[in-house]
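Here is a briefing on a structure, arranged by topic. Look at the sequence and the model first, then read the points below.

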Protein chains: 2
Amino acid sequence: MPKPTLVDVGREAGVSAITVSRALRSPEKVSEALRRKVDRAVKKLGYVPNQSASTLASNKSNSIVVMVPSISNNVFTDVLGGISDALHGSRFNMQIGYTNYDSLEEERILRSFLNPTPSGVIISGLEQTEETRQILANAGVPVVQIMDISPDPIDMIVGFSHDQAAETATQHLVDAGYRNIGFIGAQMDPRSQKRLAGFKKAIKANGTLLEQSIAVTNKPSSAHMGAVLLSKLTSQFPECDAVLCNNDDLAVGVLFECQRRGIKVPEEFGICGFNDLGISSETVPSITSVTTPLREIGRLAAAMVIGEEEESSSPIVDLSYNISVRESTQRV
Amino acid sequence: MPKPTLVDVGREAGVSAITVSRALRSPEKVSEALRRKVDRAVKKLGYVPNQSASTLASNKSNSIVVMVPSISNNVFTDVLGGISDALHGSRFNMQIGYTNYDSLEEERILRSFLNPTPSGVIISGLEQTEETRQILANAGVPVVQIMDISPDPIDMIVGFSHDQAAETATQHLVDAGYRNIGFIGAQMDPRSQKRLAGFKKAIKANGTLLEQSIAVTNKPSSAHMGAVLLSKLTSQFPECDAVLCNNDDLAVGVLFECQRRGIKVPEEFGICGFNDLGISSETVPSITSVTTPLREIGRLAAAMVIGEEEESSSPIVDLSYNISVRESTQRV
DNA sequence: ATAGTAAATGATTGCGCAATCATTTTGCAA
DNA sequence: TTGCAAAATGATTGCGCAATCATTTACTAT
């Protein structure tokens, strides 16, 4: 038995194929009675729409394009999980593009993903090329930028302020009594740069910013890199007594390196991570971290892009963050 | 300027549209001269095939369907990374289905993904329903089962023996001098069950298997769960002096719990993890783990499914594993 | 040279759906 | 009731490609 088509459903329901199409795609435009008849026929025949035909005829796909820098970064797997949750059960599916932190690559991939026109686009960060912004603005589809926050989104945006989060976290280290605070960062993308900026701002507000208090790399973030960067930091800034890390895996690596060297955390050295990726609450001592709403960003972005959010809600959503204070910054 | 179609390319190259189609899809069936003409025209016009039209006309898509139990598990993100690598630059794209460790759900999703027929299927594990095996066997597309190994695959298989890996790891603990070895496992899917079976086999080969030496749960694996299960294990099996963990995050959690309790690793307690997820080499002490070829499984499965592997190679590929001995099992 | 065959290329058609425009039915005011 | 607008439904067409079958060209053996 071949798969039923709209024509089959129409025959079963006693109406024309195009009417069935309409009943399914814009139920509000047809009569109540028709809707019921069609629904019954669809169920009886087990009709499933052919997406290729639909896409070909309308030049519009049911995909939500999601552009993220990397798959291996836990930050994005959390966000993707949120999107996946929100899309589950809807007629939309997710098409993922990995830009590898390269906005030209991003533009290239996006161009290829924009044909046929997807139903929506979710894209990480604010650093699209001007071309990309143009393309997206003119594509005629909902676009949600995620992760960061800005008063001037392409269309909609959901994220939080990385500067503020880092500033608050740094202030927390100051308040905890640390006096020579360093910054450790890997994968220094623009959001990481903002975290660094927030760090600098908080340090300056409390005294003097030292050049040598910063150790960063563009290589990927990992526990191993945390250890490497701590070594770099302590050699250039020996009096350092606390660090703010760019990401939790760095923080974990820093803790391990401290253990290796016999440096007592938090008494001699304070550690604060970022993103609260799950392990930081388990280490001994547990690590203070900036809890960020990763999954919720994904969930909400997906809801916004498929138009499931309240009409009234703003196109700019700042989900904020939270400092989860743990043992690694609590001198007794 | 509308997107160029096969007709446009044909006009440019001075041949018919269908000939262009053939030149692109089966270049070996056309003359050298034609191939060059068509390539030139394609480049000049910037022709990009319309996948929807292709799929609709042939009822066959360019997708490789990938069925995995979960996205949040690092094990599968590694495998997916390998698949993604191997597919990069090819004409195939990846369509991911999450089964949530449920073979009925798997069957349901697979049915929906099998229309239109994909170019290939990569599916985790051996525990498909009989229905699923039938559907896949009859789909007329390459199917690669991954993760596990079996003499009787649906079509092809690439993985390693979980029983043997666990057996070897357990024997390592025995050889390291531990005498009361326990097993900690979360997310007890069939591969985890096999690891447990391998553990039991090795224990029996060296003495007596004690019921209380096993602490498992069906909940997801995490560092926190490692701590919870260690508590359970030590309360039911106080003389326990080493554990084999199902997965590295459990092992990490076990180490932290030992640190909290002041249990010395490896002197008083040995720990061996599984999958070598990157963090185990960084902890203090570093954790011995079973290094498994996750990324390579993905890479190879993708190559096999798109027919890029040597014709000569076997449809059954056992990639084996390796015990990475670290501090957590080295009593001095 | 010529038949016979294989290789190369072409013409037609339909995949299943939605855009567009056309037609019918319904509701309702006067 | 009639007329008319609005709502509901229908007919036709083409999206871009590949399957199928048809035709032309090139090549080989004798």
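A residue counts as near a molecule or strand if one of its heavy atoms lies within 4 Å of it. This is a predicted model, in which local features need pLDDT of at least 70, side-chain atom pairs count only at pLDDT 80 or more, and totals for chains, interfaces and linings use all residues. Residues are numbered from 1 along each chain as its sequence is written, chains are lettered from A and ligands numbered from 1 in the order in which they are written, and side-chain values use heavy atoms, with hydrogens and water left out.

**DNA strand C**

- Of the atoms of DNA strand C within 4 Å of the protein, 66% belong to sugar or phosphate, and the rest belong to bases.
- There are 24 residues around DNA strand C, and those that come nearest are Leu6(A), Ser21(A), Tyr47(A), Thr19(B) and Arg22(B).
- A polar contact is a pair of N or O atoms within 3.5 Å; within protein, one must be able to donate a hydrogen and the other to accept it, and residues adjacent in sequence count only if both atoms are side-chain atoms.
- In chain A, an N or O atom in the side chain of Ser54(A) is 3.2 Å from a phosphate oxygen of DNA strand C.
- Two or more residues of the surface near DNA strand C come from each of α2 (17-25) and α4 (51-58) of chain A, and from each of α2 (17-25) and α4 of chain B.
- Helices (H or I, at least four residues) and strands (E, at least two) are DSSP runs, numbered from the N terminus.
- α4(A) gives the most to this surface, with five residues.
- By class, the surface near DNA strand C has 13 nonpolar, eight polar and three charged residues.
- In these classes, Ala, Val, Leu, Ile, Met, Phe, Trp, Tyr, Cys and Pro count as nonpolar, Asp, Glu, Lys and Arg as charged, and the others, Gly among them, as polar.

**DNA strand D**

- Thr19(A), Arg22(A), Leu6(B), Ser21(B) and Tyr47(B) come nearest of the 24 residues around DNA strand D.
- Sugar or phosphate accounts for 66% of the atoms of DNA strand D within 4 Å of the protein, and bases for the rest.
- A polar backbone atom of Leu6(B) is 2.6 Å from a phosphate oxygen of DNA strand D.
- Ala53(B) has a backbone N or O atom 3.4 Å from a base nitrogen of DNA strand D.
- α4(B) gives the most to the surface near DNA strand D, with five residues.

**How the two protein chains are arranged**

- Chain B can be laid on chain A with an RMSD of 0.1 Å by a turn of 180° and a shift of 0.0 Å along the axis.
- The two copies are thus related as by a two-fold rotation axis.
- For this comparison, copies are superposed by least squares on the C-alpha atoms of residues with pLDDT of at least 70 in both.
- Ser52(B) is the residue of chain B that comes closest to the rotation axis, with its C-alpha at 2.3 Å.
- At the start of α4(B), the backbone nitrogen of Ser52(B) has a side-chain oxygen of Asn50(B) within 2.9 Å.

**The interface of chain B and chain A**

- In contact (heavy atoms within 4.5 Å) are 24 residues of chain B and 24 residues of chain A.
- The copies meet through the same surface, because 100% of the interface residues of chain B are also interface residues in chain A.
- The two chains bury about 2,100 Å² between them, 64% of it on carbon and sulfur atoms.
- Buried area is the accessible area (1.4 Å probe) that two parts lose on being put together, summed over both.
- Four residue pairs, both residues at pLDDT 80 or more, are in polar contact between chain B and chain A.
- On the side of chain B that touches chain A, α4 (51-58), α5 (74-87), α10 (223-236) and α11 (248-261) of chain B each supply at least two residues.

**Salt bridges**

- A salt bridge is a side-chain nitrogen of Lys or Arg within 4 Å of a carboxyl oxygen of Asp or Glu.
- Arg111(A) and Glu131(A) form a salt bridge through their side chains (2.7 Å, N to O).
- This pair ties together parts that are 20 residues apart in sequence, because Arg111(A) lies in helix α6 (residues 103-113) of chain A and Glu131(A) in helix α7 (residues 130-138) of chain A.
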